[in-house]
Amino acid sequence: MTCIISTARLELSELTTQDAAFIYQLFTDSDCLRFIGDRGISDIKSAAVYLADKLIPSYQKYGYGLFKVTAKNNPQPFGLCGLVLRAETKPPDIGFAFLPEFRAAGHCTEAAQAVLKWVKSQQLSDVILAYTHPDNKASIRVLEKIGLQQQYTTQLPNQDFASLVLSINLNLSD
């Protein structure tokens, strides 16, 4: 797959249906279930359906989505980072999730900073939001490190927990 965003260590590219095993592994991780929620992924087949129905269509519909994160020297995906549009009237929000063994190594911050830089270069949106579980201290740290600021707490549809909302203004006119 073609690399969309590149950093010193990472490549971010579009997901494909061949990423079902990775999506299954990621979305059945206990931290992912706790902080992101149950997406109904119980096996490789349901992961493939989630990819085909929820993740992949975003690229064609909006020109962005959640991108798989790989190391430059290894095509095996170990994280997701990119943009989600929850409602067509709201700004997109940045989201990320990484396999446990790839957390706390700076990958998430590096990928998220690159996504914000890409958003600005593509003139996609002045404002970027983020929604995270209020107890997800690691995600809040990353979001604040890349410049987002805490705004308020809200309840998202189809979620059984409140979400902390953060935002950043990218000042596209600069």
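**Rings.** I began with the aromatic residues and found that ring pairs link Tyr59, Phe67 and Trp118 into a cluster. A pair here means rings of Phe, Tyr and Trp (its six-membered ring) with centres within 6.5 Å; planes under 30 degrees apart count as stacked, over 60 as edge-to-face and the rest as tilted. This is a predicted model, where local features need pLDDT of at least 70 and side-chain atom pairs count only at pLDDT 80 or more, while totals for chains, interfaces and linings use all residues. Residues are numbered from 1 along each chain as its sequence is written, and side-chain values use heavy atoms, with hydrogens and water left out.

I counted 6 aromatic pairs in the structure. Phe27 and Tyr50 make a tilted one, with 5.5 Å from centre to centre and 55 degrees between the planes. That pair links distant parts of the chain, since Phe27 is in helix α1 (residues 20-27) and Tyr50 in helix α3 (residues 44-55), 23 residues apart. Helices (H or I, at least four residues) and strands (E, at least two) are DSSP runs, numbered from the N terminus. Both Phe27 and Tyr50 are buried; buried means under 20% relative accessible area, exposed over 50%, and partly exposed in between (1.4 Å probe, protein chains only).

Phe67 counts as buried because its relative accessibility is 2%. Trp118 is buried as well, at 12%.

**Helix α5.** Trp118 sent me to its helix. Why call α5 largely enclosed by the rest of the structure? I found that 11 of its 15 residues are buried. Among them are His107, Cys108, Glu110, Ala114 and Trp118.

**The core.** Next I asked which residues of the largest nonpolar core touch the most other members. Of its 52 residues, they are Leu12, Ile23, Ile94 and Leu148. The largest share of this core, 8 residues, comes from α5. Such a core is a set of buried Ala, Val, Leu, Ile, Met, Phe, Trp, Tyr and Cys residues joined through side-chain atoms within 4.5 Å. In soluble globular proteins, nonpolar side chains tend to be buried together.

**Strand β5.** I followed Ile94 here. With 6 of the 6 residues of β5 buried, I noted the strand as largely enclosed by the rest of the structure. Both faces are covered: Asp93, Gly95 and Ala97 are buried on one side, and Ile94, Phe96 and Phe98 on the other. In a regular strand the side chains alternate between the two faces of the sheet.

Strand β4 (residues 74-84) is joined to β5 by 6 bridges, and the two run antiparallel. Strands pair if DSSP finds at least two bridges between them. Leu83 stands opposite Ile94 in β5. Leaving aside neighbours within four places in sequence, Ile94 is in contact (heavy atoms within 4.5 Å) with residues including Leu83, Ala112, Val115, Leu116 and Leu148.

**Loops.** Thr7 is in the loop between β1 (3-6) and β2 (10-14). Is it buried or exposed? Thr7 counts as buried, at 11% relative accessibility. Its side chain makes a polar contact with the side chain of Glu110 at 2.4 Å. A polar contact is a pair of N or O atoms within 3.5 Å; within protein, one must be able to donate a hydrogen and the other to accept it, and residues adjacent in sequence count only if both atoms are side-chain atoms.

Ala104 has a positive phi of about 65 degrees although it is not a glycine. Ala104 lies in the loop between β5 (93-98) and α5 (107-121), and counts as exposed at 88% relative accessibility. Gln123, also not a glycine, has a positive phi of about 55 degrees. I found Gln123 in the loop between α5 and β6 (127-132), partly exposed at 49%.
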